Amino acid sequence: MNVDDAVSSMTLEEKCTCLTGEGYWMLGGCARLGIEPILVSDGPHGLRKQAGAADNLGLAASEPAVSFPTASAVACTFNLDLMRTMGEALGDEAREQGVAVLLGPGVNMKRSPLCGRNFEYFSEDPCLAGELGAAYIQGVQSRGVGTSLKHFACNNQETNRLIVDAVVDERALHEVYLEPFRRAVEQGRPWTVMTAYNLLNGAYCSEDAQLMERIAREEWGFEGVFVTDWGAENDNLASLPAGLDLVMPGPRADYRREVAEAVSRGVLSEADLDRAVSRILGLHEQHVSAANIGIKRSQAERLDVARAVAEEAAVLLENDGILPLDAAARIAVVGAFARKPRYQGAGSSKINPASLDCAFEALEAAGVPVAFAPGYDADTGEATEEQLAEAVRVASQAEVAVVFVGLPDASESEGSDRMDMALPAGHNALVERVCAANPNTVIVLQGGSPVELPWRGKPRAILLSYLSGCRGGRATADLLLGVANPSGKLAETWPLRLADTPCADFFPAQGRQASYRESIYTGYRYYDAVGIEVAYPFGHGLSYTAFSYRDMRVADADEGFEVSFTVRNDGDRAGKEVVQLYVAPRDAQVFKAPQQLKGFAKVELAPGEERRVALRVPRSSFAHYCPAEGAWDVEAGTYELRVSSSSRDVRLCREVQVAGKAAQPDNAPGAYHRVAPGCFTEEAFALLYGRRLPKVLTPLRPYTANATVGDLQTSLLGKAVCYLLRRELKLLLPGDVAQQKSLELLAMDTPLRMLAMSGMDMNLVAGIVDIMNYHFLRGIKRLRSLKPAKQDEAAKASSGKGAAQGAGQEVRTIEEDEGRCSTSSQKGAGA
């Protein structure tokens, strides 16, 4: 297909049809020109292809697929080659199921351990997240399957994510939040980039020309398609000229119609329309061009990849020598997660695993004499006195007790944030009781984010598996028994307590504006700046062997430096070490983090083996963003190059002199130079922001399409709507109170414009808004003005998202894609 010729021969209506999906997961083409629709599917750590009913909550069925470890786990491998291999396996899975674009990876930063979607994101560090994201993209796209880098940008909390305005100063925006996207775009060249739901500094990401055109396209060279997160489009006439190409899901007859009318009237440029259509057809062409690429790995081989990733992702947090275990020892396996593992998070990335193992059965299969006690309820985390007593009895009769604890499924989900860092009380009680009953206790932690560990000093070892996918059970057994040697390193800091985190006082933001008051001081940057003790530092991870470092050399190398050193395995087991390179300014006048990760490598060594490692440090590693100039600057001065085993375990260090601009004090408030707990006040941030803060939109009447379902409760009519919603949730999920509450919170944060997710015409939404504002006549007039054909089209689109045509019973469904939620009235049986 010649894209230019195709665009020039298309009618205005055909072009506008390309601008939205043909359905929930389908991108339309042009039937007259023989351009077939293509299929996209959720990821990022597995394929969630839905052949029937469609939803974003993991409620409706999806095709069986390999569930790989989630991003929070994969990041701990620090292994770019392994990340590419996993990407290749994901690409093969997509090709096998006819999927053209996989919706991932997510490279958003972890501002706080509380973000409900942190399990889908790599790290608190932009260098690590960006490099892993690029490797993921390279792997998937090498198999002829596109990726969708997400969520662009500053989608860092789930609370109010559809309407919240992320207010970020320019330093933090460029140095922390955009940096992983830059690395992934420049190195990975993704076919698509997905715009986030939220606003960024006063503008919706789907209509932010600065973000899409000037930064991504002009500065980074992005040439692919900008696509909305599902339901993230806000203004039908603002998005296209700002650089947006594709609105999902579809069909969106209102969007197509309004764009066509605006182009006909000269309100929108036909050149802008043609550019968007060209990019979308280019995406089709990329898919068609890859048609002859074969499947590289069978499903069995993809499962082996999942197991290998899970092994390298596990982090040995503590070990006094009890691990690895003797396979002949009598072992008590305690904790329901040993048989019913937490291996993935909830929401749009929830995979239907092709197969699923567990640690208990894997230990049994290895011939280990094991006994079992559940200790708590797997779904709620609650423990009865009888369960605790049974666990103590089983543990006291064994030589070693291995206790599986972590966060229950309802604690980590797209659409809602955690309110604390605590484990369930039943899990903490179980650990305390078992440690008292058996001094040889080992803990296995499962979950997607850091938790507080009040009992941290009591067990003899702690192995963190994060959410390790459908082969995590076998990987855990191999690690406990020493068949595999732990080599994971933490991709995020584990603080001692929630109160120690940099944004503890203002995360998640509860209103419509989230001020990123901590600026560049996220993760280890903050903990290093305040000198606070942490449970486990960024980059920490133990091994069954020991590594030493020596002979560091620094040489000039093409606009930067090359750092080389020798790493030796001093132990009697083969192992892998993650070496980390940090840059630390010594005499900076501009406020900066005490140190920043700028390079890393994973080195595999046999016992007694040593290897020379070289890492390049380009000049850009010393740069900071200068808001006054709108460009990057290098401040002249002395910097340390630190070769480390973790952010707080520096093994080798050298000072270098870096040429650049003469050091001059900046105008930042003192709080950002002398960082201390609680110093990031609203007043200090306002000064740092340097311009008028965006206006906070009020949710009160008159309502708009951006009023949330929760906002409607300020009216009697709205209270009735919310009552009906809660009732329907109870019918949809009978007995599952935790899931009902999670969905209720998500629904209350959902703006009325999200009704378009169910195929509803936005003019119909406008009529509903009028009625909610008690303009009954105007609202009814709007509704009646819609042509029956359009209403039929909306109904058909709605039925394709999970409602089977049937007995005519009216039901309401909650539907979510990429985390969007909407309420719709449909005819038929619920999904």
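N201 is buried, with a relative accessible area of 19%; buried here means under 20% relative accessible area, exposed over 50%, and partly exposed in between, using a 1.4 Å probe and protein chains only. This is a predicted model, where local features need pLDDT of at least 70, side-chain atom pairs count only at pLDDT 80 or more, and totals for chains, interfaces and linings use all residues. Residues are numbered from 1 along each chain as its sequence is written, and side-chain values use heavy atoms, with hydrogens and water left out.

N201 is not a glycine, yet its phi is positive. E559 also has a positive phi without being a glycine. Here are the two side by side:

Now for a sheet. Six strands form an open sheet in the order β10-β15-β14-β13-β11-β12, with mixed pairing; two strands pair if DSSP finds at least two bridges between them. At its edges are β10 (315-319) and β12 (370-373), each pairing on one side only. Inside this sheet, β13 (residues 400-406) and β14 (residues 441-446) run parallel and are joined by six bridges. F404 stands opposite V444 in β14.

Finally, look for a cis peptide bond between G104 and P105, with omega about 10°. P105 lies in the loop between β3 (101-103) and α5 (126-141).

Definitions and conventions. Helices (H or I, at least four residues) and strands (E, at least two) are DSSP runs, numbered from the N terminus.
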